[in-house]
Amino acid sequence: MSAPGSRPVLHQLGGVASGHGHGHGHAEQPYAPVFVGDALAELQALFPKYPTKRACLLPALWIVQERRGWISPEAIDEIGTVLELSPAYIRGVATFYTMYHLHPVGRHFIQVCGTSPCHLCGSDQVLDAIVRETGCGEVGATSADGRFTVVEVECLGACGFATPVLIDDDFHDSVTPEQVPGLLARYS
Amino acid sequence: MGYPHRPHAKETVVLSEYFGDAEARTYDGWVKRGGYQALKKALGMTPDAIIEEIKASGLRGRGGAGFPTGLKWSFMPKGDGKPHYLVCNADESEPGTFKDREIMRWTPHQLIEGCAIGAYSIGAERCYIYIRGEFTEPWRIMNAAVAEAYQNGALGDNVFGSGKRIDIVLHRGAGAYICGEETAMMNSIEGRRGNPRIKPPFPAQAGLFGMPTTINNVETLTATSHILNRGAAWYKGLCLNNPKSTGTKLFSVCGHVMKPGNFEITMGFPMKDLIHDLAGGMRPGRRLKAVIPGGSSVPIMTAAEAEAALCDYEGIIEKGSMLGSAGFIVMDDSADLVYEIYRLAKFYAHESCAQCTQCREGTAWTTKILERILKGEGKPSDLDLLLDLSDQMTGKTICVLSDSCATPIVSGIKKFPEEFEAYLSRAKAPALAAV
């Protein structure tokens with residue numbers, strides 16, 4: 001649930017609509033498919049749980065992101081092959097959901113809640129501290145060393161534990177600006 | 001709020017009895033605490049008998065709408081030969097609400113048992129639990145608990161030797177508030193964009209994958225095992241002279257209180273005590289200004305309205321708001337209501353699926369107008385414009401996201417006009433920098 005306009009490097013999505021990407025920095029290496037071996041088995045194991053293959057689309061997108069950190073046009077093509085869906089359809093679905101990264105992000109992806117309940121409790125100061133300490137410079141950006149991407153998100157569903165901060169899959173409760181340096185030190 | 005949570009003496013602890021007790025997360029730990037007795041009892045009853053018991057208990061939907069649960073279950077067709085589905089809504093995303101998260105974090109088997117009872121009652125062999133993508137910890141805990149439930153025969157093709165099949169599939173969302181709307185949730189499970197569907201057809205006729213479907217909230221399903229164990233009459237007795245609102249309910253309290261957290265109280269509990277006693281009241285030197293009691297989608301209450309209200313479906317309506325999901329956003333006299341309303345409008349603008357014009361345009365434009373007011377660039381006609389836009393956003397769209405955006409705006413302008421006037425007259429310094 002990143003804030004509108006907070007996604008960095010959107011130009012990496014442009015020009016790769018054919019699905020065979022020439023996005024920056026990943027076109028030189030031959031593409032290594034995601035859906036082989038374990039990942040394919042993980043996806044196929046879901047088929048009996050749903051009456052249609054289409055219903056496995058959200059889980060398939062998660063499998064890609066967990067293994068690659070983001071969902072590339074090539075990976076979208078692969079999902080299309082396995083689930084018998086068009087890349088255009090998959091992109092339409094993937095763009096609806098804010099948690100799927102359709103471009104590379106930092107090694108650690110930080111989501112800070114900023115909706116009213118957390119705002120009342122000082123989430124702006126927590127976000128400022130994180131933007132400053134990570135060196136990201138602004139909300140939505142990635143630090144120059146590629147270590148962190150920081151976004152402000154809408155309600156994380158932990159309003160009594162303001163301010164919640166989600167770093168990758170780790171949910172941190174009741175974060176204060178003072179705790180930020182120590183918290184970030186745990187993510188190299 | 002720290003755990004283990006020691007309940008306040010005024011709480012009535014049923015669903016939250018084992019919050020903070022890590023052993024209760026395991027299958028054996030749950031069984032030791034009386035778990036899965038209700039499911040075994042249910043499997044020995046007819047689905048109709050269970051539905052009658054739930055109807056008699058007075059249980060109403062805890063996700064926000066307050067629809068009678070037993071009645072909802074009775075809408076499912078019988079003997080139609082089609083697959084039926086139960087969907088458990090664990091997409092808790094309503095600002096101010098964080099109760100389902102705690103149910104899943106601490107008592108995953110309590111939810112699994114409730115889902116199994118619900119599935120059996122509506123003739124479903126499969127239940128999808130839709131967990132929001134950001135709930136990484138509940139997701140891990142629920143996955144482990146479902147695996148344990150299968151190993152112990154509480155789920156699978158022969159639940160506790162009854163010959164009945166009940167499967168639970170966990171489905172992870174990916175960041176979309178609107179997927180908490182039941183028809184959007186069904187689209188999301190089907191692998192589609194989370195756009196709400198036009199009703200009719202209602203889910204009980206043609207829901208998930210076109211099949212008869214019931215969608216229930218986490219807390220609603222969780223309550224069913226206690227009703228079967230202790231009886232509808234016991235549950236119905238947990239109220240304050242209002243037979244329309246029965247049982248206990250988890251109230252999430254956040255914002256400007258000393259002890260934010262979840263509090264389980266019987267329906268009809270005084271709101272004054274919830275805020276000033278259970279949640280620890282205001283910070284020193286501060287006084288209560290406003291409360292949004294039902295998650296962010298309900299009218300704002302003034303301090304006087306809140307302190308006079310009783311916490312149940314009817315009691316809060318009587319004082320000018322709604323119970324909703326019982327997520328209390330409490331604001332003291334340091335809060336800038338115009339800013340908080342702007343922040344909520346921004347939330348709805350971000351979360352609109354953009355299907356309906358009134359919502360797509362309305363949420364965006366009300367946000368921009370509120371932003372202009374906060375920048376000190378508001379026009380005298382802006383309040384009328386906001387009210388007019390809000391009127392166009394209410395009751396005119398496929399789902400109620402648009403209405404939810406309009407509600408805090410309209411109630412804010414009507415109940416706290418001086419806060420808006422202070423910006424419009426330039427008496428108050430801008431809260432946002434002009435660009």
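## Where the two chains meet

Across the interface of chain B and chain A, 24 residue pairs are found in polar contact, both partners being at pLDDT 80 or more. The elements of chain B that each give two or more residues to the side touching chain A are α5 (99-106), β2 (126-131), α7 (136-151), β3 (167-172), α8 (182-189), β5 (248-255), β11 (327-332) and α14 (337-351). Of these, α14(B) gives the most, with eight residues. By type, the residues on this side of chain B divide into 28 nonpolar, 15 polar and 17 charged. Please keep in mind as you read that this is a predicted model.

How many residues of each chain are in contact? On the chain B side there are 60, and they meet 45 residues of chain A. The size of an interface is often given as the accessible area lost when the parts come together. Between chain B and chain A the buried area is about 4100 Å², with carbon and sulfur atoms giving 58% of it.

## Charges across the interface

Four salt bridges are found across the interface of chain B and chain A. One pair to look up in the structure is Arg343(B) with Glu154(A), which form a salt bridge whose closest N and O atoms are 3.2 Å apart. There is also a network of salt bridges that links Asp173(A) with Arg101(B), Glu102(B), Arg105(B) and Glu137(B).

## A look at chain A

Chain A contains seven helices and four strands. Chain A has 188 residues, of which 55% count as buried. Among its contacts with a separation of 6 or more, 65% are between residues 24 or more positions apart.

In soluble globular proteins, nonpolar side chains tend to be buried together. Here the largest nonpolar core has 99 residues, and those with the most contacts inside it are Phe35(A), Leu43(A), Ile79(A), Leu83(A), Tyr97(A) and Ile189(B). The largest share of this core comes from α14(B), with nine residues.

Which residues does Ile79(A) touch, leaving aside those up to four places away in sequence? They are Phe35(A), Leu57(A), Ala60(A), Leu61(A), Val64(A), Glu84(A) and Ile90(A).

## Salt bridges within chain B

Over all chains, the whole structure has 34 salt bridges. Glu52(B) and Lys55(B) form one of them, with the closest N and O atoms 3.6 Å apart. Why are these two about one helical turn from each other? They are separated in this way because they lie three residues apart in helix α3 (residues 47-57) of chain B. Glu52(B) is partly exposed, at a relative accessible area of 47%, and Lys55(B) is also partly exposed, at 36%.

Asp336(B) forms a salt bridge with Lys428(B), and their closest N and O atoms are 3.7 Å apart. Asp336(B) sits in the loop between β11 and α14 of chain B, while Lys428(B) is in the segment after α18 (417-424), so this pair ties together parts that are 92 residues apart in sequence. Asp336(B) counts as buried, with 15% relative accessibility, whereas Lys428(B) is partly exposed at 34%. Another pair is Lys375(B) and Glu371(B), with the closest N and O atoms 3.4 Å apart. Here Lys375(B) counts as buried at 17% relative accessibility, and Glu371(B) counts as partly exposed at 24%.

Definitions and conventions. Residues are numbered from 1 along each chain as its sequence is written. Chains are lettered from A and ligands numbered from 1 in the order in which they are written. This is a predicted model: local features need pLDDT of at least 70, side-chain atom pairs count only at pLDDT 80 or more; totals for chains, interfaces and linings use all residues. Side-chain values use heavy atoms; hydrogens and water are left out. Contact means heavy atoms within 4.5 Å. Buried area is the accessible area (1.4 Å probe) that two parts lose on being put together, summed over both. A salt bridge is a side-chain nitrogen of Lys or Arg within 4 Å of a carboxyl oxygen of Asp or Glu. A polar contact is a pair of N or O atoms within 3.5 Å; within protein, one must be able to donate a hydrogen and the other to accept it, and residues adjacent in sequence count only if both atoms are side-chain atoms. Ala, Val, Leu, Ile, Met, Phe, Trp, Tyr, Cys and Pro count as nonpolar, Asp, Glu, Lys and Arg as charged, and the others, Gly among them, as polar. A nonpolar core is a set of buried Ala, Val, Leu, Ile, Met, Phe, Trp, Tyr and Cys residues joined through side-chain atoms within 4.5 Å. Buried means under 20% relative accessible area, exposed over 50%, partly exposed in between (1.4 Å probe, protein chains only).
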